[in-house]
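I opened my notebook to keep track of what I looked up, one entry at a time.

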Amino acid sequence: MNRSSASWVPWLLLLPALVLLVAFTHYPAAATLWHSVFSTARAGASSVYVGPENYQALADDPVFWQALRNNLLFALVTVPVAIVLSIVMALWVHRQVPGRALLRLAYFTPAILPMIAVANIWLFFYTPQYGLIAQISQAFGWGDHNWLGQPGTALPALMVVTIWKEAGFFMIFYLAALQQISPTLAEAAALEGASRWQFFRRVQWPLLMPTTVFVVINAVINAFRLVDHVVVMTRGGPDNATQLLLYYIYQVAFSFWDTSYAAALTVVLLTLLAIVAFVKFRLLDSRTHYQ
């Protein structure tokens, strides 16, 4: 094989992955951007170029701004809380504790449950009068509360469900990272008289930063693509209190049949996620130590 032929070998090996990447990532993104500057085709009328009209309508849409605020608050709460819980659980099950295998299974079980099943389980928990939380509250004389029916508690109730499901999933990544840290580091820290907190802060945490970068990016993406729990538990209510961006896109596209406006919303969502990912890589990658 001559040198010119050998230069094509890496590209041929990458070709299947590149085809899938273009077909299911880049092409849909480009097609969405294209459709966002056209009107939605109606019966007897084809779509026409409208330029930035969909984006102008988006800027004047109060439901969009409400969904954006809800989603930002949702991400700001669920991402750090889920990550902190996952680190605590990983540190706990990494130690030699009785029933460690059962603890790992218990922590990871929510992550393997289907999203719809999780939503239905928690829907039963939150049901007024008959749900598990209502039964416990009534037993202690605390009264009843419609957690999903009140604007002040509906979004926090969804946050609890998301944290409960994702913390165990992220725990697996942190547990795998902890198992890659050499035990000699813990022995050296013990000889120096370092406390458990000092060892975590000075040794384990810096070595966990590559995992943290990965987990943070995925947690943010998950926070902005949540739709299953909203469909089952609240449908965006009450009074748009749990309206999130992806569910609003779903409503616009498949309930209102305004696909062009939904495409504009999707472009905004993709742009927002790209900006968040870029900022996080810039901020966290400089502090990341790769072994």
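**Helix in the annotated stretches**

I started with residues 105–125, where the chain is 90% helix and 0% strand, and the end C-alpha atoms are 22 Å apart. I kept in mind that this is a predicted model. I then checked residues 205–224 and found 95% helix, 0% strand and end C-alpha atoms 27 Å apart.

**Aromatic pairs**

How many aromatic pairs does the structure hold? I noted 16 of them. One is Phe64 with Trp65: their ring centres are 5.0 Å apart and their planes meet at 65°, so I wrote the pair down as edge-to-face. Another edge-to-face pair is Trp122 with Phe125, at 5.1 Å centre to centre and 80° between the planes.

Phe64 has 2% relative accessibility, so it counts as buried. Trp65 has 37%, so it counts as partly exposed.

Back to the second pair: Trp122 and Phe125 both sit in helix α6 (residues 115–126), and because they are three residues apart, about one helical turn separates them. Is Trp122 buried or exposed? Its relative accessibility is 11%, so I marked Trp122 as buried. I also saw that ring pairs link Trp122 and Phe125 into a cluster with Phe124, Tyr126 and Trp164.

**A nonpolar patch**

Trp8, Trp11, Leu12, Leu14, Leu15, Leu18, Val19 and Leu21 make a nonpolar patch of about 840 Å². I took Leu15 as my example and placed it in helix α2 (residues 9–35). Its relative accessibility is 43%, so Leu15 counts as partly exposed.

Which peptide bond did I note as cis? It is the one from Gly237 to Pro238, with omega near -5°. Pro238 belongs to the loop between α12 (228–233) and α13 (245–254).

Asn240 is in the loop between α12 and α13 too. Its phi is near 60°, which is positive although the residue is not glycine. With a relative accessible area of 26%, Asn240 is partly exposed.

My last stop was Trp257, in the loop between α13 and α14 (259–285). Here phi is near 55°, again a positive value in a residue other than glycine. Trp257 has a relative accessible area of 54%, so I logged it as exposed.

How values were computed
Residues are numbered from 1 along each chain as its sequence is written. This is a predicted model: local features need pLDDT of at least 70, side-chain atom pairs count only at pLDDT 80 or more; totals for chains, interfaces and linings use all residues. Side-chain values use heavy atoms; hydrogens and water are left out. Patches are made of residues with over 30% relative accessible area and no salt bridge: like charges are joined within 9 Å, nonpolar side chains (Val, Leu, Ile, Met, Phe, Trp, Tyr) within 5 Å. Accessible areas come from the Shrake-Rupley method with a 1.4 Å probe; for residues, only the protein chains shown count as cover. A salt bridge is a side-chain nitrogen of Lys or Arg within 4 Å of a carboxyl oxygen of Asp or Glu. Helices (H or I, at least four residues) and strands (E, at least two) are DSSP runs, numbered from the N terminus. Buried means under 20% relative accessible area, exposed over 50%, partly exposed in between (1.4 Å probe, protein chains only). Rings of Phe, Tyr and Trp (its six-membered ring) pair if their centres lie within 6.5 Å; planes under 30 degrees apart count as stacked, over 60 as edge-to-face and the rest as tilted.
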